[in-house]
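Here is a friendly briefing to read alongside the model. Please keep the viewer open as you go through the topics.

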Amino acid sequence: MKTRAPLLALAVALVSQTVICARARDLTAAEGRELVMQALDREAKKLPKLAIDLEDKVPGFYEFAVTWDNPNGSVIVGFFAVNQGTGDVWRLVVCRTVESPDLRRLQDAIRRKVGLGRRDLIKLRSNAPCEP
């Protein structure tokens, strides 16, 4: 009976580690907005009165409209979607993911924060907010 106690303790420890490593939550809209800001090119980030507004939500995604104060033309910078589970950022008009080293670092930090593992990331990436 005494030999079972260490095995039981080991089993409890392994289960506890599994629970701790599981995805704790989806990304927040604020985290999504931060990812969209990081996804913008340098020139767009410098535009006067840049705004990132949460629009209608596609299930599983946050949709954002990025605008600026342009007195002489279009105020639209772009439309983006952020996967609430993975933090992947999509340009909606062309239906493509945005990738850059700086964006990847922020995505990795947020994914660690929410407890997203590689297996979950791969499984959740099968969704797209648009049709290519």
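How many disulfides does a search of the whole structure find? The search finds 1 disulfide, a disulfide being a pair of cysteine sulfur atoms within 2.5 Å. Please note that this is a predicted model, in which local features need pLDDT of at least 70 and side-chain atom pairs count only at pLDDT 80 or more, while totals for chains, interfaces and linings use all residues. Residues are numbered from 1 along each chain as its sequence is written, and side-chain values use heavy atoms, with hydrogens and water left out.

**Overall picture**

- The chain has 5 helices and 5 strands, where helices (H or I, at least four residues) and strands (E, at least two) are DSSP runs numbered from the N terminus.
- Along the sequence, these elements follow the pattern α-α-α-β-β-β-β-β-α-α.
- Of the 132 residues in the chain, 33% are buried; buried means under 20% relative accessible area, exposed over 50%, and partly exposed in between (1.4 Å probe, protein chains only).
- Among the contacts with a separation of 6 or more, 46% come from residues 24 or more positions apart, with contact meaning heavy atoms within 4.5 Å.

**The disulfide**

- C95 and C130 are the joined cysteines, with an S to S distance of 2.1 Å.
- Their link is right-handed, with 95° about the S-S bond.
- This pair links distant parts of the chain, since C95 sits in the loop between β4 and β5 (96–97) and C130 in the segment after α5, 35 residues apart.
- C95 is buried at a relative accessible area of 5%, and C130 also counts as buried, at 19%.

**Salt bridges**

- Side chains of opposite charge can pair when their charged atoms come close.
- The whole structure holds 8 salt bridges, each defined as a side-chain nitrogen of Lys or Arg within 4 Å of a carboxyl oxygen of Asp or Glu.
- E31 pairs with R25, their closest N and O atoms lying 2.8 Å apart. E31 is buried at 6% relative accessibility, whereas R25 is partly exposed at 30%.
- K49 pairs with D69, and here the closest N and O atoms are 3.8 Å apart. K49 lies in the loop between α3 (42–45) and β1 (51–54) and D69 in the loop between β2 (61–67) and β3 (76–83), so this bridge ties together parts that are 20 residues apart in sequence.
- In that pair, K49 is exposed at 65% relative accessibility, while D69 is partly exposed at 38%.
- R111 pairs with D88, with 2.7 Å between the closest N and O atoms. R111 lies in helix α4 (residues 101–114) and D88 in the loop between β3 and β4 (89–91), so the pair ties together parts that are 23 residues apart in sequence.
- R111 is buried, with a relative accessible area of 5%, and D88 is buried with 10%. Through shared partners, salt bridges join D88, D108, R111 and R125 into one network.

- How far apart are the end C-alpha atoms of α4? They are 20 Å apart, which agrees with the 20 Å that its 14 residues should span at 1.5 Å a residue; the expected span is 1.5 Å times one less than the number of residues.
- The buried residues of α4 are L103, L106, Q107, I110, R111 and V114. These residues cover an arc of only 135° around the axis, which puts them on the same side of α4; the arc is that of the directions from the helix axis to the C-beta atoms.
- Covering these buried residues are elements that include α2 (29–39), β4 and α5 (118–124).
- On the face turned away from the buried side, α4 carries the exposed residues P101, R105 and R112.
- Just after α4, G115 takes a positive phi of about 80°.
- E99 is placed in the loop between β5 and α4 and is exposed at 61% relative accessibility.

**The aromatic pair**

- A search of the whole structure finds 1 aromatic pair. The ring centres of Y62 and F64 are 6.4 Å apart and their planes are at 50°, so the pair is tilted.
- Rings of Phe, Tyr and Trp (its six-membered ring) pair if their centres lie within 6.5 Å; planes under 30 degrees apart count as stacked, over 60 as edge-to-face and the rest as tilted.
- Y62 and F64 are both buried.
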